Amino acid sequence: MSAPLLTIEDVAVELPTPRGNLRAVDHVDLSLEAGRTLGIVGESGCGKTMLSRAVLQLLPKKAKLTGRVMFDGEDLVRLDAERLRHLRGRDLAVVFQDPMTSLNPVLTIGTQLMETIQEHLELDAPAARKRSIELLAAVGIPAPEQRLAQYPHQCSGGMRQRIAIAIALSCEPKLLIADEPTTALDVTIQAQILDLLAREQRRRHMAMIIITHDLGVVAGRADEVAVMYAGRVVERAPTQALFKRMHMPYTEALLAAIPKLETAPHTPLPAISGRPPDPTRPLKGCSFAPRCRYAAGRCHEAKPELKGAEMPGHLYACFHPIQMAEEVGA
Amino acid sequence: MLTFVVRRLLAILPVLLAVSLLTFLIASLLPGDLAYVILGDQATPENVAALRHDMGLDQPLWWRYLSWLGHVLQGDLGRSFRTGQTVLQAVAERFPVSLQLMLMAEFIGLLIGVPVAIACAARAGGAFDRFMTGSAFAMLSMPSFLVAILLIYLFAVELRWLPATGYVPFTEAPLGNLRFFVLPALTLALAEWPGIMRVLRSDMIATLQEDYIALAKAKGLKPARILFVHALKPSSLTLVTVTGINIGRLLGGTLIVESIFALPGIGRLLVGAIYTRDLVILQGVVLLVACGFVIVNFIVDMLYAVLDPRIRHGHA
């Protein structure tokens, strides 16, 4: 096993709000090796996006970040702005959730592609242009040459996300962070975009973090999955192990909440009742306890640590883990 | 793009017509008979009646409007009954002065306002931002005659760097001409930059929250490129509007500043016309100024399309 490309060590993010400090990310440890895919799953507000912004060092100015983010031997948290700028876009790339807002509306697609290439690679304008055309072709954009002179509003949503992916891939990054890359897209386009990401990842041997609220997205595509809840990683396992035998009741509930084609029409969706806890008022016990059907006395008194199960690499934070595999409809 | 231009051009026709009607009504409905003004208080009723007939003042209002409009469309805005000068001559004489004043004031205003706005937005809430926002507010609350007097006191009386009043045409003495314009232009600019700064600052702050700015940072672009290429252009629509309105306003000259600094511009022409009840000049100048305003705003609309491709392609 080689040294990991990315190690997130004890990362916590706090945001000051009028109602007190909001703990968006609560002491998270994760690691990712080159060429591998990590899926981060959780519902809205669980801190998955804040965690990705912490890795990219794109947190809001007021946010307080502690811990270390080791990327390729350097701690991104303590890196000076100029060195960080050289890493971003070249070794560390990102695809945001909404391609409608992540491309600049007043700059042509060509400009937005070529500026990244010319910033990081020693290419003149014609060479950067040629590379841009190749990239657009690689992400499946027809007539890429004409596209360069167009503006984002002249392309469909799926097309724009392909362009955003082309920008992210433009300098052969070592790590690509895809933050809900398909959430804003039509269902029919989602699979295409995910397949495109997976294909380019294999071809370029880059590491990838897919952030999503949909366990289905990571099921076939991630090597490892981390489930987040209320700012913490509550279960982490190799993907196959997780779907075979999940231990954390939250993971189970998240999986049950995915609509299934074989379910009869008008069956109520087993949604997770209640709301995530108020992040400005942390609970003493397990954050999921108020919504958990297995919760017992101890769950409300102390926080369960993330610890190993019988399977290597499978960690979970629960006092009453689910043991019966047959209860899980994976 | 061509249909966009034609559509906007057609839209300003009714505006121009309304402008002409309002201008005409302002001049015609002012109390006091023009014939008495011209003939003085010694006039006999017969003389007055004869002059009213000659000038068409005995005709109904709508007829007078249509015949005036007919003349205007042929380029004849009338002639001052005091100086014998046509409106076009009088305006042609004064307009370059007001135009130069406007251009210099707007240029200085933008020169101060835009960089300050960008610097404030880049570190919103910081010490520089708070200081500049406060200064802008103080500047906005100072009337221009006060600023003018303070500037005259400082630069003309105490330091003796610049003349307080006067004017020479640029063609006769370029440098001397500029020296005369510095203080009046600065007076206007000190009132202009706070508005420029405030709209651009708040638009920039909003733009800097956008996803595409986060992506620009994630792409590792230089901070200057993010500010000037990615953020400034989409933030400048309101700035263009404000600048257009300012230019339109200043095109009509500035009564107070031109009077204080004794610049022979449109503003002083208007003041003179009002004092002497020279209604033909008044009516003609107001019409021309209003048309200028409409045209400037048309140009502003065109600039939107240049700045934002979505407007150009009819998406917005």
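This is a predicted model: local features need pLDDT of at least 70, side-chain atom pairs count only at pLDDT 80 or more; totals for chains, interfaces and linings use all residues.
Residues are numbered from 1 along each chain as its sequence is written, while chains are lettered from A and ligands numbered from 1 in the order in which they are written.

**Helix 11 of chain A**

- Helices (H or I, at least four residues) and strands (E, at least two) are DSSP runs, numbered from the N terminus.
- A residue is buried if 20 or more other C-beta atoms, placed from the backbone, lie within 10 Å of its own, exposed if 12 or fewer, and partly exposed in between.
- Helix 11 (residues 249-256) of chain A has six of its eight residues buried, so it is largely enclosed by the rest of the structure.
- Those buried residues are A:Pro249, A:Tyr250, A:Thr251, A:Glu252, A:Leu254 and A:Leu255.

**The nonpolar core**

- A nonpolar core is a set of buried Ala, Val, Leu, Ile, Met, Phe, Trp, Tyr and Cys residues joined through C-beta atoms within 7 Å.
- The largest one has 155 residues, and A:Val227, A:Val234 and B:Val285 touch the most other members.
- Helix 8 (residues 174-208) of chain B gives the most to this core, with 15 residues.
- Two residues are in contact if their C-beta atoms, placed from the backbone, lie within 7 Å.
- Neighbours within four places in sequence aside, A:Val227 is in contact with A:Val41, A:Gly42, A:Val233, A:Val234, A:Glu235, A:Met248, A:Tyr250, A:Thr251 and A:Leu254.

**Where the chains meet**

- In chain B, 19 residues are in contact with 24 residues of chain A.
- Helix 9 (211-218), helix 10 (223-235) and helix 15 (309-312) of chain B each supply at least two residues of the side of chain B that touches chain A.
- Helix 9 of chain B provides the largest share of that side, six residues.
- By class, this side of chain B has eight nonpolar, four polar and seven charged residues.
- Ala, Val, Leu, Ile, Met, Phe, Trp, Tyr, Cys and Pro count as nonpolar, Asp, Glu, Lys and Arg as charged, and the others, Gly among them, as polar.

**Chain B as a whole**

- Chain B has 15 helices and zero strands.
- Its C-alpha atoms fill a box of roughly 85 × 55 × 35 Å, taken along the principal axes.
- Of the 316 residues in chain B, 34% are buried.
- Take the contacts in chain B between residues at least 6 apart in sequence: 70% of them join residues at least 24 apart.

**A helix pair in chain B**

- Helix 1 (residues 2-29) and helix 14 (residues 279-307) of chain B pack at an angle of about 160°, and their axes are 10 Å apart.
- Axes are lines fitted to C-alpha atoms, for helices over the stretch in contact, and angles run from 0 to 180 degrees between N-to-C directions.
- Helix 1 and helix 14 of chain B are therefore roughly antiparallel to each other.
- Angles under 35 degrees count as roughly parallel, over 145 as roughly antiparallel, 65 to 115 as roughly perpendicular and the rest as oblique.
- The crossing of helix 1 and helix 14 of chain B is right-handed.
- A crossing is right-handed if the near helix is turned clockwise from the far one by less than a right angle, and left-handed if anticlockwise.
- The residues that meet include B:Phe4, B:Ile12 and B:Phe24 in helix 1 of chain B, and B:Leu279, B:Val286 and B:Phe298 in helix 14 of chain B.
- The contact of helix 1 with helix 14 of chain B has 19 nonpolar, three polar and two charged residues.

**A helix pair in chain A**

- Helix 4 (residues 109-120) and helix 5 (residues 125-138) of chain A pack at an angle of about 115°, with axes 9 Å apart.
- The crossing of helix 4 and helix 5 of chain A is right-handed.
- Helix 4 of chain A makes the contact through A:Gly110, A:Leu113, A:Met114, A:Ile117 and A:Gln118, and helix 5 of chain A through A:Ala128, A:Arg129, A:Arg131, A:Ser132 and A:Leu135.
- Five residues of this contact are nonpolar, three polar and two charged.

- A:Glu180 lies in the loop between strand 7 (175-179) and helix 8 of chain A.
- Phi of A:Glu180 is near 50°, a positive value in a residue other than glycine.
- A:Glu180 is buried, with 21 other C-beta atoms within 10 Å.
- B:Arg277 lies in the loop between helix 13 (266-275) and helix 14 of chain B.
- B:Arg277 is not a glycine, yet has a positive phi of about 55°.
- B:Arg277 is partly exposed, with 16 other C-beta atoms within 10 Å.
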